[in-house]
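Biologist: Could you walk me through this model? I would like to start with the strands.

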Amino acid sequence: MKRTKGVSRRDFFKTGVFLGSGLLTTSCSPRSVEGGSYDLAKPENILYSACLQCNTGCGIKVKIIDGVASKIDGSPYNPYNLVPHLKFGTDPKIVSKIDAPLCPKGQAGIQTAYDPYRLRTVLKRAGQRGENKWKTIPFDQAISEICEGGLLFKDVPGEEKRTVTGLKGIYVLKDKDVMKEMGKAVSEIMQAKEANKKKELVAAFKIRFKDNLHALIDPDHPDLGPKNNQFVFMWGRLKGGRGDLIKRFASDALGSENAHGHTTVCQGSLYFSGKAMSEQWVFDAKDKKVKWTGGNKFYWQAELENARFVAFVGANIFDANYGPTNRMSRLMQSVSSGGLKYAIIDPRFSKGASKADRWIPVKPGEDGAFALGVIRWMIENNRINAAYLRNANKGAAKKNNEPNWTNASWLVRIDNDKPQAFLRGEEIGFPAARKQYTDKETGETTPYDYPLMVVMHGGKPAAFDPYKDDSAVEGDLFVDTVIKGVRVKSSLQIIKEEAFSKSLDEWARICGVSVDDIVYIARNLTSHGRRAVADLHRGVSQHTNGFYNVICWNTVNALIGNYDYRGGFIKASTYNYTGDKTVKVKTPAGKEEQKTEQPFNFKKMAPGKLSPFGVSVIRHGVKYEDSTLFSGYPAKRPWFPLASDIYQEIIPSIGDAYPYPAKALVLYMGSPVYALPAGHTTIEVLKDVAKLPLFITIDITVGETSLYADYIFPDLTYLERWEMQGSHPNMPFKVQPVRQPVIPPIPETAKIFGEEYPISLEAFILGVAEKLRLKGFGPDGFGKGVPFTHPDHYYLRAIANVAIEGLTDGKEVPSASDDEMRLFTECRRHLPKSVFDFDRWRKAVGDDLIKKVVYVLNRGGRFEEYEKAWDGEKVKHKYGTLINLYQEKTAKVKNSMTGKSLKGYGQYLPPFRDVTDKPIDDEKEGYDLVLITSRTILHTKSRTATNYWLNAILPENYVYIHQKDAARLDLRDGDAVKVVSKSNLDGVWDIGPYRKPMTGKLKVGQAIRPGTISFFLGYGHWAYGANDIVIDGKKLRGDKRRGQGIHANAAMRVDPVLKNTPLEDVYGGSVVFYDSRVKLVKA
Amino acid sequence: MERREAIKDIGTIVAGAALAASLDLAVSTEAEAKETPEVSLPGPAPDEDVIITMQRDLLKALKKPLKDRKWSMTIDLRKCIGCHACTVGCIAENKLPPGVVYRPVSEEEIGASPNVAIRFLPRPCMQCDNPPCTVVCPVKATWKREDGIVVIDYDQCIGCRYCLVACPYGARSANSGDLYTDGTPHREAYETSPTYEYGRKRVRKSHFSSPVGNAMKCHFCSHRLDAGMLPMCVTTCVGRATYFGDVRDPDSVIAKVTFKPNAWKFKEGLGTKPSVTYLL
Ligand code: SF4
Ligand code: SF4
């Protein structure tokens, strides 16, 4: 209001002048005395870090005013934000005045850290599981109770007499030598093929280890491992650093085989098809034999800066997909300049589709059929990159200037009309090569026979070593013949036959598109040389057939030959922080040697490290047939020899005690109840104290899963903690963004090993380690006299490793100048000693290294220069080796539920299957709509509902339906509808204490394939601050804004065979989001 | 332009009794009193991010007298990905309370499947050259600055909301004084962290500190311009759809992208003469 001289604001209030006036609700402040400078641009108010509002982890620039994060912007140092990013050497003082883009979640991250519902101290359950009644207890007490066990819940009705086994009682086998020997013996048992032989070995095992049998879960089944395995650690979003600490704790120190991630709830089958396609035919030092091993759990993505045509398949590019800031900056640049055209293959018309050249609403789950149609067209029209595909080994790739090679021309044995293993040279008279393995550590050498592979070359068989680079072997691509009585086909011939098993018309019909759509994609993908690519994501992989869908599409890319090319299919590249990376160095004698160059090799800084063994609770990485539990088909639950981190299997397997019961579960930064399809099924197990005796979570607030915990440890958010963010496969630059504490911690402080640190994941781990005297932690944790008593001792050293990488070539980072050193401490003036103590940091790495560490931290990580990522038409950081179009290892695996052998190539499999491969045809019972999910850029699954700025833009999600379906069902825009399915007839979330109907508003439109409905993940919370909670007898009111909208995961199909688990891809491990048929009921 | 002239100019707009107050106002809302910011940029490099080029353009423009600059914004709708980064960036930068948004992005679905599209329309204040909002203000608390920005003096504004009604673009809203964390267990400090609108650092001391109760609107982040930085919605535009600068500089990015056959102005027929151009 207009200023009135001589009347202060307070007087105004008192006189109540404006109360009577509808107009005057405003300030009457005298001239400001606060001054006018723009504090948000001052270098001393800015810290650089990495976002984690989603997993992309863009660079952030956090602007701190009076100790409070006031604004978050994108960091111009980081290639995730600016294109091209600034030179690494740019002075932070200059950069303070340059802001770079950041997606809305990134900017709203302030509200994740400063959330009124954050936990500050440990909560212990004061009611039944799920009742949401808690008491606060001191950190030390919580650690003691968890370690010692006892009558921990005697005050809770029904649990008066329940004795909980503490971690002390689970951490049974402590002798590292015994554990190692047992592990070796168990591996022999598992490798034994005959049942009788296995029995003999088990009997021998029992005699040999008679003094330690008490430490086993079941001495009759030593392959279940030690009781230590009954400690299970699982996590949701986890990044480098914290991940290494968890491993150090759960595996190396506690000796458990059960430390599992969440990969399969994201895009597991994308990762594990990548693994299958990257397995290598090499000598395995552990097993002392040549085998397919060393496959990377990883995937490739499109390099968008240089691509000319991209087919985005099941990839929600504008809203998600690793991620908007980095990918859209590049995509829109090329699209607007006319350099790039793209298509969206997705049943939903995503935002990305609105700028696409074509939207192809494929049927959910039929992406493999589409790809096979493309492959057929490419082969039929001679549009495959035959010259590239003919390269059968490294020598040929080298000769033809290719960065990698495939096994397209390799010959596969055909027995009973079925492709088996690759033909070995020996089978047709080419002797194996003699090779020698040299142990890097000991220098010890082992000679071995190396079986060669075979191609046909100009009609003659030729045997070869795939990795020999001084002899080029090329092979014919389409071979179907008999050599010395052995029927063989080339890999590509097998793929061709699969693609030709149906006509284009048939493929188009299966996937619900037109032939023209398939031809359009195939033609465009083959019209731009290597600069055309199919970019795949969850929409392809999260189906019961996801593994094969991905392999089919990856095959398309291989036929283009775009791997490792600019504008093609590339992999991520990061600076190493674990200190075990080896580089080639020349010894004074002129010999080449592999050596580490970084100062802290954590692998070697692990005194007393245990070597866990045994089948995991999720039965990963081993074949059912190899275990002593084998008893014919189907197995009780599926086994996953080709996958790991099978999130959806952890809790139901604990529930079924298969392969064994668990005693304690720790959950970090995950919410399986909310995030998993049919997540409600986990609640039954989590509520049951008999099946899960001790359940601990580490969470920033009481989320949908923490709701069932016995103890909740508060955690630090991404603005308060350390992590090594790593990279994603769409990024050609070598990077290592570092997440560091930028604001004072919100949780209370704990004292562990005499040092202070905020209660957090690290505090939990160090606290338990102190209590149980675990090896690898404490005053000698990193070796004699090298303490690990504070998290800084780990993180600062990890950063020193990042800074030093490249030392051998003089490419380590520079040291910070005195000026930068000053800026460094000044920027951290608001941080308490528990997290920032310059002296402690300096001591952790030493006086020389601290300046390099500072150089990295002043920039929020290490980032390669823009120009350095390219190598002519290729990218510099290459995958660079054999790509398996035919996967022998896969072909040797049997489906544990059917006993049928898997196929080792991109095959067509229909979606909507149960674990025994039987079709689920709920549509016959009137479930007429396929439910799929999607993401808005505003939310990241379970964790951003607390961000009010984001909620303000879209307070509530909706169920999106096509107008045709709405008309058919007599539903209107805005109607409240309930989602019901065959496995959730009531359409409710059965939360335990109460039931929450799965109701949302309908949005009717054209932007989806008819017959399909969709909703945005991230809404419809019932915990996470959305509802009342009782702490220390006091009710804390929930905030309804956080619970708006619908979360329809509980309508997703429960597997009819397993009954407590969502549908899953038994090959690649993915949990299935998109193969559920539902009905909408007017609510 | 000399400071004294600025004062005089405004004096001619502001009616007699308000003159005294507007003298102060001239200082707080005009960029003139500020020194040229000390910003040095890396480059120029041929392929640098357009955000850097535009910031360089901005620094150049700041060297000119205020009256010779004409700030303009051009939004390329072909590049807008509807990410709302600008919306949230602006809310966070200016600590906008619930209900106040300077730059919403509307989303509209058009067509029938499979020929569908979603149209995104970022809607900042149009900074009209002929603004219908300023003339209705009974206390002359809002006017068009010589460099093109339509400003509000929070200390003059009486919160009558006439301007809210007068703006045909809905670009103005009223500050209720609420905070997002009101009614939760803890009112969070970031919400009352200082703001810098119009180059004035303001700390909210109570529910009644300006700009609570005032009309509020986008001001092209004039405080950032003063500091040699682009508006928040420009630096954070993920699609690089938002161009900004002094359109009178023929060498600037903004001048080069704006005058195109596909240029379009929102509700141009009203005669408002927006400084914001859209490219279709
Ligand atoms: S894309 Fe993900 S990581 Fe990047 S700013 Fe947005 S939320 Fe943060
Ligand atoms: S930030 Fe840019 S791309 Fe995103 S909505 Fe705003 S104008 Fe569009």
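**Strands and the chain interface**

Modeller: Strand 9 (residues 263-264) of chain B pairs with strand 10 of chain B in the antiparallel sense over two bridges, where strands are DSSP runs (E, at least two residues) numbered from the N terminus and pairing needs at least two DSSP bridges. This is a predicted model, in which local features need pLDDT of at least 70, side-chain atom pairs count only at pLDDT 80 or more, and totals for chains, interfaces and linings use all residues. Residues are numbered from 1 along each chain as its sequence is written, chains are lettered from A in the order in which they are written, and side-chain values use heavy atoms, with hydrogens and water left out.

Biologist: Which residue is the bridge partner of B:W264 in strand 10 of chain B?

Modeller: That partner is B:Y278.

Biologist: And in which sense does strand 1 of chain B pair with strand 10?

Modeller: Strand 1 (residues 71-76) pairs with strand 10 of chain B in the parallel sense, over four bridges, and B:M73 stands opposite B:V276 there.

Biologist: Switching topic, how many residues of chain B are in contact with chain A?

Modeller: In chain B, 86 residues are in contact with 84 residues of chain A, contact being heavy atoms within 4.5 Å.

Biologist: How many salt bridges are there between chain B and chain A?

Modeller: The count is three, taking a salt bridge as a side-chain nitrogen of Lys or Arg within 4 Å of a carboxyl oxygen of Asp or Glu. One salt bridge joins the side chains of A:K351 and B:E107, at 3.2 Å from N to O.
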